[in-house]
Amino acid sequence: MFDIHGFEMTVFKLLVGVILIVLHLRITGKQQTTQMTPIDFIGNFILGGIIGGVIYNHAISFAEYVSVLLVTFAIISGFNYVTSKFMSTRSLVMGQAYTIIENGQFTQDALESPEHKLDPVEFLAELRGMGIFSLSDVRIAQREANGSLTVRRMNEGDVNYLLVSNGQIVSDNMELAGRSEEWLRDELEQAGAGALENLFLVELDAHRHLTIVDQSGLTTSSAISDAAVDEVTTVTEFDDPGTQTATLEDFIPSDAQPDEVSSQTNN
């Protein structure tokens with residue numbers, strides 16, 4: 001016999017679960033999949049299991065059901081807060097950015113590191129999705145910590161690097177940029193930006209400028225003191241005249257007329 005009371009309670013629990021999840025996403029500001037961390041994905045599986053398992057189990061009271069959902073939301077938010085405040089924890093949970101191609105060459109880190117496990121088929125498919133159909137067009141390719149791919153073509157500028165986030169040094173970006181903490185602190189001191197721990201973010205752009213944003217939102221830009229100078233060296237190889245093989249042109253007189261040269265060449 002159909003239990004109308006049990007059906008109504010099941011629908012009510014489902015409705016409450018959906019509303020709580022929507023409110024959680026609105027409060028955290030993560031309404032798109034690209035904004036979600038691995039903790040969010042794991043939390044979504046847990047929430048789905050709680051809602052799917054509890055709404056059909058009438059032995060669990062409504063108060064217990066809501067309490068479990070709220071505790072799960074609190075755990076997810078707590079883990080996300082810790083990873084956003086401490087870069088070491090963030091790297092452990094979300095991984096680190098690494099370079100796949102640098103100056104047109106694949107890096108040993110991308111080819112040999114067991115942590116990265118570069119899949120050539122997937123990598124080339126991502127490039128094609130970005131409108132790049134030849135590896136020869138790629139100057140820089142980096143896998144970001146969130147899994148996205150950053151690519152710069154041969155005729156484009158360098159990649160921007162976020163060096164500081166919420167007063168914490170982003171160590172993997174510092175490594176990719178080839179900079180040190182001591183260098184960064186010296187640059188911030190010269191720019192009059194104050195202590196690194198009091199800054200919201202610091203970005204090193206492709207034009208060798210630091211964009212500095214403090215906790216109040218005040219934004220300043222400062223050129224770094226050791227801006228790199230790109231030097232182009234052209235190497236020309238000259239053959240040893242003594243080893244050159246004689247050609248037909250070597251036997252044609254230098255004062256010969258164009259018609260004569262053409263006639264001698266055809267013969």
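Please keep in mind that the model is predicted.

I begin with the sheet of 5 strands. The sheet is open, its order is β6-β5-β7-β8-β9, and the pairing is antiparallel. At its edges stand β6, residues 168-169, and β9, residues 219-223; each has a single partner strand, so one side of each is left without a neighbour in the sheet. Helix α8, residues 181-191, packs on this sheet and touches β5, β6, β7, β8 and β9. The direction of α8 makes about 75 degrees with that of β8.

Let me turn to the individual pairings. Strand β5, residues 161-165, pairs with β6 in the antiparallel sense over 2 bridges, and Val 164 stands opposite Ile 169 in β6. Between β8 and β9, which run antiparallel, there are 5 bridges; here His 209 stands opposite Ala 223 in β9. These two strands, β8 and β9, form a hairpin with 4 residues between them. In that turn, Gly 217 has a positive phi of about 95 degrees.

Which residues touch the most other members of the largest nonpolar core? They are Leu 163, Leu 184, Leu 188, Val 202 and Leu 210, in a core of 20 residues. Two or more residues of this core come from each of β5, α7, α8, β7 and β8. A second, separate core has 13 residues, among them Val 16, Ile 39, Ile 51 and Val 66.

Asn 173 lies in helix α7. Is Asn 173 buried or exposed? Its relative accessibility is 12%, and because buried means under 20%, Asn 173 counts as buried. Beyond its neighbours within four places in sequence, Asn 173 is in contact with Ala 97, Tyr 161, Leu 162 and Leu 163.

Finally, I come to the sheet of 4 strands. This sheet is also open, with the order β2-β1-β3-β4 and antiparallel pairing. Its edges are β2, residues 105-106, and β4, residues 149-153; each has a single partner strand, which means that one side of each is left without a neighbour in the sheet. Strands β1, residues 98-102, and β3, residues 138-143, run antiparallel and are joined by 4 bridges. The bridge partner of Tyr 98 is Arg 143 in β3. Helix α6, residues 120-129, packs on this sheet, touching β1, β2, β3 and β4, and its direction makes about 65 degrees with that of β4.

Note on methods
Residues numbered from 1 in each chain as written. Predicted model: local features only at pLDDT ≥ 70, side-chain atom pairs only at ≥ 80, totals over all residues. Heavy atoms only, no water. Pairing = 2+ DSSP bridges. Contact = heavy atoms within 4.5 Å. Axes fitted to C-alpha atoms, helices over the stretch in contact; angles between N-to-C directions. Core = buried A, V, L, I, M, F, W, Y, C linked by side-chain atoms within 4.5 Å. Buried < 20%, exposed > 50% of the residue type's maximum accessible area, 1.4 Å probe, protein only.
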